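Keep the 3D view open and follow along.

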Amino acid sequence: MQPSDKALVPFVSVDNMMRLVHHIGVEQMITQIAAQIEADFKRWESFDKTPRIPAHSPHGVIELMPTSDGEAYGFKYVNGHPKNTSEGLQTVTAFGLLADVYTGYPTLLTEMTMLTALRTAATSALVGRYLAPKNARTMAMIGNGAQSEFQCLAFKAMCGIDTVRLYDIDPNATSKCAANLQGKGLTVIPCKTPEDAIEGAQIITTCTADKKYATILTDNMVGPGVHINAIGGDCPGKTELHRDILLRSDIFVEYPEQTRIEGEIQALDADHPVTEMWQVITGAAKGRIDERQITLFDSVGFAIEDFSALRFVKQAIEGTTFFEPLDMLADPDDPRDLFGMLMRAG
Ligand SMILES: NC(=O)c1ccc[n+]([C@@H]2O[C@H](COP(=O)([O-])OP(=O)(O)OC[C@H]3O[C@@H](n4cnc5c(N)ncnc54)[C@H](O)[C@@H]3O)[C@@H](O)[C@H]2O)c1
């Protein structure tokens, strides 16, 4: 039996997502997703917001990230398993869905492993535009895993970075990252220590994966005037920065209710002052105010960023071949005759 149009939901496979990214261009797509995120952060108050819903285990975490703007509803399923790469699996995988609030019908199902890397890089660079020093040309990239190239290209495309200094505890990860960035318009400098990597860098991105309180940066490594883009500390008991750095920094977050549970600031008092990025973006709060200030984006990843990315993909695939119609919703001729539909199929 052929499914009706109402049964079909556009599905973007990994293969189609990669075709879409190549069609648009990596940097272009990151920039366009960032514009969508910026527009959605400007209408922050129109979204339902909740800290994401985690299921922790000794092996990692599985999370659901829902939000809605009253017209569309979206969620992402995402995991974080730092031990996975040693078993040939990824630390982070994801998929997500958009739905129409009026009917409740899904309108898009898509892979989001690639899309998460793109949206995380887009968010980081968008925030960098508001917080990084204006003369920033060099970024230290600490943690050279799956997200790293996306981060480097986002800061090149959106913040004018022309040099990246790479460091990872695993030199193979650094070699992989350096090789992938060849010919992409960046000067790439592999480094042997984190101290070497941050030498002369105006932006420091930490993007490591370890299920513990790690100390990727110690206090003496961070000089005045830098912007820290801390991505890898995004779970209870999983952070990257020494507490003293936090005490010297002006801290910017996505959604405080979630970041206080998951971010670097879990090491601080529950009322430690933080600034919400949507307020910086709307002009209600200040971003960087002086050259010697240390700004810290305590990034954990918030549902609205995924919603923005999902909406971007939904628009981008319209009228293209970058999706397949998936027979996902039962559509009986008489809406109440679900059983009859099943019997007729026998
Ligand atoms: N904030 C967000 O929105 C967001 C989004 C996606 C991923 N993440 C987080 O970002 C992190 C990186 O994700 P990924 O997919 O690139 O993971 P990955 O496992 O592919 O890469 C992590 C890299 O960190 C390196 N590393 C571990 N400890 C280190 C240390 N002490 N010093 C230097 N390098 C070290 C590992 O060798 C590995 O190469 C994860 O913790 C993930 O949870 C955050």
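This is a predicted model: local features need pLDDT of at least 70, side-chain atom pairs count only at pLDDT 80 or more; totals for chains, interfaces and linings use all residues.

The buried residues of helix H4 are Ser148, Glu149, Phe150, Gln151, Cys152, Leu153, Ala154, Phe155, Lys156, Ala157, Met158 and Cys159. "Buried" here has a cut-off: 20 or more other C-beta atoms lie within 10 Å of the residue's own, while 12 or fewer makes a residue exposed and anything in between partly exposed, with C-beta atoms placed from the backbone. Residue numbers start from 1 along each chain as its sequence is written.

**Helix H4**

- Since 12 of the 12 residues of H4 are buried, this helix is largely enclosed by the rest of the structure.
- H4 covers residues 148–159, and its 12 residues reach 16 Å from first C-alpha to last, close to the 16 Å expected at 1.5 Å a residue. (The expected span is 1.5 Å times one less than the number of residues.)
- What do the buried residues of H4 pack against? They pack against H2, H3, strand E7 (138–142), strand E8 (163–167), helix H5 (171–181) and strand E10 (203–206).
- The names come from DSSP runs numbered from the N terminus: helices (H or I) have at least four residues, and strands (E) at least two.
- Just after H4 comes Gly160, which takes a positive phi of about 80°.

**H2 against H3**

- Two packed helices are described by the angle between their axes and the distance between the axes.
- Helix H2 (residues 26–42) packs with helix H3 (residues 113–131) at an angle of about 65°, and their axes are 8 Å apart. (Axes are lines fitted to C-alpha atoms, for helices over the stretch in contact, and angles run from 0 to 180 degrees between N-to-C directions.)
- H2 and H3 are therefore roughly perpendicular to each other.
- H2 and H3 cross in a right-handed way. (Right-handed means the near helix is turned clockwise from the far one by less than a right angle, and left-handed means anticlockwise.)
- On the H2 side, the meeting residues are Met29, Ile30, Ile33, Ala34, Ile37 and Glu38, while H3 brings Leu118, Arg119, Ala121, Ala122, Thr123, Ala125 and Leu126. (Residues are in contact if their C-beta atoms, placed from the backbone, lie within 7 Å.)
- Sorted by class, this contact of H2 with H3 has 10 nonpolar, one polar and two charged residues. (Ala, Val, Leu, Ile, Met, Phe, Trp, Tyr, Cys and Pro count as nonpolar, Asp, Glu, Lys and Arg as charged, and the others, Gly among them, as polar.)

**Helix H10 and its partners**

- H2 also packs with helix H10 (residues 303–317), at an angle of about 125° and with the axes 9 Å apart.
- That angle makes H2 oblique to H10.
- The crossing of H2 with H10 is right-handed.
- Gln32, Ile33, Gln36, Ile37, Asp40 and Phe41 of H2 touch Ile304, Glu305, Phe307, Ser308, Ala309, Arg311 and Phe312 of H10.
- The class count for H2 with H10 is seven nonpolar, three polar and three charged residues.
- H3 packs with H10 too, at about 115° and with axes 10 Å apart.
- H3 and H10 make a right-handed crossing.
- Their contact uses Leu115, Leu118, Arg119 and Thr123 of H3, plus Glu305, Asp306, Ala309 and Val313 of H10.

**Residues to click on**

- Thr120 sits in H3, and its 25 C-beta neighbours inside 10 Å make it buried.
- Beyond its neighbours within four places in sequence, Thr120 is in contact with Gln147, Ile231 and Gly301.
- His227 is in strand E12 (residues 227–230) and counts as buried, with 27 C-beta neighbours inside 10 Å.
- Is Arg43 buried or exposed? Arg43 is exposed, with 12 other C-beta atoms within 10 Å, and its place is the loop between H2 and strand E2 (53–57).
- Leu342 belongs to helix H11 (residues 338–344) and is exposed, with 11 C-beta neighbours inside 10 Å.

How values were computed:
Angles under 35 degrees count as roughly parallel, over 145 as roughly antiparallel, 65 to 115 as roughly perpendicular and the rest as oblique. Two residues are in contact if their C-beta atoms, placed from the backbone, lie within 7 Å.
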